[in-house]
Amino acid sequence: MENMDLESKSVHRDFVLPVDSEDKATKFRVYSVSAPHMRAFHLSWISFFACFVSTFAAPPLVPIIRDNLDLTATDIGNAGIAAVSGAVFGRIAMGIACDLFGSRLASSALILLTAPAVFLTSIANSAVSFLLVRFFTGFSLATFVSTQFWMSSMFSAKVVGTANGIAGGWGNLGGGATQLIMPLVFSLIHKIGATPFTAWRIAFFIPALFQALSAYAVFFFGQDMPDGDYAKLHKSGEKHKDNISDVLYHAVTNYRGWILALTYGYCFGVELTVDNIIAQYFFDRFNVNLHTAGIIAASFGLANLFSRPGGGTLSDIMAKRFGMRGRLWALWIMQTLGGLLCVLLGKVESLSGSIAVMLVFSVFCQAACGLTFGVVPFVSRRSLGIISGMTGGGGNIGAVLTQVIFFRGTRYSTETGITYMGIMIICCTLPIMFIYFPQWGGMFYGPSSKGLTEEDYYMKEWSLKEKENGFHQSSMKFAGNSTSERGKKVESAPTPIDGTPNT
Amino acid sequence: MATISDIFVVTTIVFSCFEITAYGALFSSLHQTLILNSSTSQGQVLQAGEEQVTITWSLNKNYPTGTDSNYKIVKVKLCYAPMSQLDRGWRKSNDNLNKDKTCQFNVVTKPYKPSNNNFTWTIEKDVPSASYFIRAYVYDYVGEVVAFGQTTDSHKKTNLFQITAITGRHVAINVCAACFSAFSVISLIGFYLVEKRKGKSLRR
């Protein structure tokens, strides 16, 4: 059973999409629901969307909730910070869980465990209980990591940026959609005859049920990898059941993961911050009514429909021509431009100007998120889950930090806070210049003259003993498939893989 | 592209909203010509949805005759006391009456009469828990505010009363929330056991 001959090991299934040697799809067809690749895509973005809807279901109804629960502005601010802080550790934990148990079990378990927090929001009766339900509901945002991990398991290097970008973007859409959905559900229930203080409570059952149902769908229809679930692959010996301390070690000692965690805090973290403060900003500074402020707030999040996927696709396009160096340059440029637009947003004095700048800013900010996850899948193969988790967690830390420094209390006016946030974005994006892959190069340096290959880079994560046992096989396959990150100038190097892709 | 039509829609809505935020009457320019009395006593606590407040008002005879010549309509409102406005920017007082958020609940609107005005109001179910006083604004034939009266002093410190809001919770909601939450967790445990059994059967 320890025979590592690739030909005899797995039954090569006929996949609808063209696949590479790891059975990862090399093409991305958004209208298809074919198992396992596109089905995994749709399950992951829908369940992530449901979690975003639940996490940001409270803000549009806050005008009613704050009267029912007698909340102060400080209470509301603290609850908003709590909503995004739970996922900091949740995302890292989810990264570990994905590496060990696979995305299907990890995400459906988390979603079902956080669904009670959403159900129980309907019986909150004080500032403390409100903060607690928002805190625990926020843990569900850790599904982001399982989404990215799942896409990185199902799609090959050439399309992973696109897959990650669309899955992440359409999931993030939930943060915008909820600003439209919840008020609608509320007014419907209110019209049927419930008083406002009861109607908002009933309204919360909608996102809660949606979330629970999406978890069931993931559990029953999802599959961890193209060739099967972790449990099955572990048993058949195809996938080695890794041990947690090694996986953790290789994630934590890879400096690129830390840099990306920081920079993600200043695209995604900024996006979460803006989700929490932008309606209030337009309401207070320009005196639009709450309904209008909600529409403006929604449009910021709704830009995710195309902007984050656009970032992912841009990453893949740059990689085709310029390889990994192109991905890094694109990320730095887009995120820095986002920072400049943020500085501008705080300075614009007119309403229509602010809306215009905000919309352009949202595109650059969200594209940077998509571009980040065009780079993440290549940082580590063995510890992909934890690296994804660290980056994702870093995003939430950025949100917490930014809200605490600039948007709490009366130290800075909101517009000053926004400008300073823009400056912080520009500064915290500079570390991308320090990311260097010996086999592909970095922003300012080409690949190492020593001729190090992808194999050398990914095999560094496995000890000699582990290699003797053949645990490194999937990393080897990945190394071979990632030679496309060298860009077009270099002829495809000889790969160590002999499996032929199915068509 | 979604962005462009977004900007279009929002800009149109926004420009139509501009009229609402135009310059309005200043509260400090109004005369307190009405005497307003309510059935509540200082510090009394009332339950929303159940208890009632009786308000009476009349013109202050100390003002010269003819002061009320252009008075047409009286709007009585429930207003937040300063302690309930603390750290709550959405209840902030503003001298510009178009931006003022002190009085957010309408009690009654009646045509103006110099005396013999009273109204018994059952506190609505969407009134939050807070400290309140009652204020009445008087409008002229054009719809402009011309005068007011209130049950408290100019510093809004005396004769305040409390209202306790309804919780909005019902037994049915409590039960459903608890049941669905329990079901989510139990089904997860069920899935875990199914997966474990599948794992065992694979080993055989």
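How many residue pairs are in polar contact between chain B and chain A, counting those with both at pLDDT 80 or more? The count is 13 residue pairs. The views below are taken from a predicted model.

View 1. On the chain B side, 47 residues are in contact with 48 residues of chain A. The area buried between the two chains is about 4,100 Å², and carbon and sulfur atoms give 70% of that area.

**View 2. Polar contacts and the side of chain B that touches chain A.** Between chain B and chain A, 13 residue pairs with both members at pLDDT 80 or more are in polar contact. Two helices of chain B, α1 (2-17) and α2 (171-203), each supply at least two residues of the side that touches chain A. The largest share of this side comes from α2(B), with 17 residues. Sorted by class, the side of chain B that touches chain A has 23 nonpolar, 12 polar and 12 charged residues.

**View 3. Salt bridges, with the pair A:Asp67 and B:Arg91.** Over all chains, a search of the whole structure finds 8 salt bridges. Across the interface of chain B and chain A, the rule finds 3 salt bridges. One salt bridge between the chains is formed by B:Arg91 with A:Asp67, where the closest N and O atoms are 3.1 Å apart. A:Asp67 lies in helix α3 (residues 58-68) of chain A, while B:Arg91 lies in the loop between β4 (73-80) and β5 (103-111) of chain B, so the pair joins two chains.

**View 4. The open sheet of 3 strands in chain B.** The strand order is β1-β3-β6, and the pairing is antiparallel. β1 (34-38) and β6 (117-122) of chain B stand at the edges with a single partner strand each, so one side of each has no neighbour in the sheet. Neighbouring strands of this sheet are turned by 20° against each other on average, with direction ignored.

**View 5. The pairing of β3 and β6 in chain B.** Strand β3 (residues 52-59) of chain B is joined to β6(B) by 6 bridges, and the two strands run antiparallel. Within this sheet, B:Trp57 has B:Asn117 of β6(B) as its bridge partner.

Note on methods. Residues numbered from 1 in each chain as written. Chains lettered and ligands numbered in written order. Predicted model: local features only at pLDDT ≥ 70, side-chain atom pairs only at ≥ 80, totals over all residues. Heavy atoms only, no water. Contact = heavy atoms within 4.5 Å. Buried area = accessible area lost by both parts, 1.4 Å probe. Salt bridge = Lys/Arg side-chain N within 4 Å of Asp/Glu carboxyl O. Polar contact = N/O pair within 3.5 Å; in protein donor to acceptor, adjacent residues only side chain to side chain. Helix = DSSP H or I, 4+ residues; strand = E, 2+ residues; numbered from the N terminus. Nonpolar A, V, L, I, M, F, W, Y, C, P; charged D, E, K, R; others polar. Pairing = 2+ DSSP bridges. Axes fitted to C-alpha atoms, helices over the stretch in contact; angles between N-to-C directions.
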